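Here is a report on a single protein chain.

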Amino acid sequence: MKIKLTSIYVDDQEKALGFYTDVLGFNKKADFTNGPFRWLTVVSPDDPDGTELQLALNDNPAATTYQQAIFKQGQPALMLFTDDIKGDHERITANGGSFAMAPTEVTGSTIAQLNDTCGNLIQITQLARW
């Protein structure tokens with residue numbers, strides 16, 4: 001058994017697609033509609049057949065409440081991992097990303113946090129090499 005798909009709620013799918021592709025560097029994997037429903041996913045360019053991230057519209061009250069509550073608490077909705085957090089910080093900033101927390105060393109890792117402009121905080125983590 002393995003994880004093939006996970007979702008994040010966004011308040012604007014088109015804006016989210018731009019952020020996750022143009023700013024973070026992911027690739028669009030699936031994009032189709034069925035009536036008012038849009039299925040939209042992105043993947044890492046390093047693993048195009050790997051885990052997909054669905055950019056799910058927060059178009060119901062439960063999704064909106066959940067998304068707004070964790071954002072207000074400062075809790076990341078998504079954690080991404082990298083081997084070069086400083087390089088990714090520079091690249092993402094150059095692509096227009098806005099960091100709420102620059103790369104910061106904490107116990108066992110270095111973390112950074114940015115706003116995806118669609119209602120979420122994203123944490124980027126580089127594990128410490130012991």
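## One threonine and its contacts

Leaving aside neighbours within four places in sequence, Thr21 is in contact (heavy atoms within 4.5 Å) with Phe26, Asn27, Lys28 and Val42. Thr21 sits in helix α1, residues 13–23. Its side chain reaches the backbone oxygen of Leu17 at 2.6 Å. That is a polar contact: a pair of N or O atoms within 3.5 Å; within protein, one must be able to donate a hydrogen and the other to accept it, and residues adjacent in sequence count only if both atoms are side-chain atoms.

This is a predicted model, in which local features need pLDDT of at least 70 and side-chain atom pairs count only at pLDDT 80 or more, while totals for chains, interfaces and linings use all residues. Residues are numbered from 1 along each chain as its sequence is written, and side-chain values use heavy atoms, with hydrogens and water left out.

## The chain as a whole

The chain holds three helices and eight strands. Both are DSSP runs, numbered from the N terminus: helices are H or I with at least four residues, strands E with at least two. From the N terminus on, the order is β-α-β-β-β-α-β-α-β-β-β. The radius of gyration is 15 Å, close to the 14 Å that the globule rule gives for 130 residues, so the chain is as compact as a globular protein of that length. The radius is taken over C-alpha atoms, and the rule is 2.2 Å times the number of residues to the power 0.38.

Along the principal axes, the C-alpha atoms fill a box of roughly 50 × 35 × 35 Å. Buried residues make up 38% of the 130 residues. Buried means under 20% relative accessible area, exposed over 50%, and partly exposed in between, with a 1.4 Å probe and protein chains only. Among contacts between residues at least 6 apart in sequence, 54% join residues at least 24 apart.

## Helix α1

Asp12 caps the N-terminal end of α1. A side-chain oxygen of Asp12 lies 3.1 Å from the backbone nitrogen of Glu14. After the helix comes Gly25, with a positive phi near 95°. The buried residues of α1 are Gln13, Ala16, Leu17, Phe19, Tyr20, Thr21 and Val23.

Val23 has a relative accessible area of 9%. Not counting residues up to four places away in sequence, Val23 touches Gly18, Arg91, Ile92, Asn95 and Gly97. Val23 and Ala94 are 71 residues apart in sequence, yet their C-alpha atoms are 8.4 Å apart in space.

## The nonpolar core

A nonpolar core is a set of buried Ala, Val, Leu, Ile, Met, Phe, Trp, Tyr and Cys residues joined through side-chain atoms within 4.5 Å. The largest one has 23 residues. Ile8, Tyr20, Leu24, Leu55 and Leu114 have the most contacts inside it. Elements giving two or more residues to this core include β1 (5–10), β3 (37–43), β4 (52–57) and α3 (85–94). The largest share, five residues, comes from α1.

Beyond its neighbours within four places in sequence, Ile8 is in contact with residues including Tyr20, Leu53, Leu55, Leu78 and Ile122.

## Strand β8 and its partners

β8 is mostly covered, with six of its seven residues buried. Strands pair if DSSP finds at least two bridges between them. β5 and β8 pair in the parallel sense over four bridges. Here Leu80 stands opposite Ile124 in β8.

Seven bridges join β7 to β8, which run antiparallel. Asn115 stands opposite Leu121 in β8. β7 and β8 form a hairpin with five residues between them, and Thr117 in the turn has a positive phi of about 65°.

## Aromatic pairs

The whole structure has three aromatic pairs. Rings of Phe, Tyr and Trp (its six-membered ring) pair if their centres lie within 6.5 Å; planes under 30 degrees apart count as stacked, over 60 as edge-to-face and the rest as tilted. The rings of Tyr9 and Tyr66 have centres 6.4 Å apart and planes at 75°, so this pair is edge-to-face. The pair links distant parts of the chain: Tyr9 is in strand β1 and Tyr66 in helix α2 (residues 61–72), 57 residues apart. Tyr9 is partly exposed at 33% relative accessible area. Tyr66, at 47%, is also partly exposed.

Phe19 and Tyr20 form an edge-to-face pair too, 5.1 Å centre to centre with 80° between the planes. Phe19 is buried at 5%, and Tyr20 is buried at 0%.
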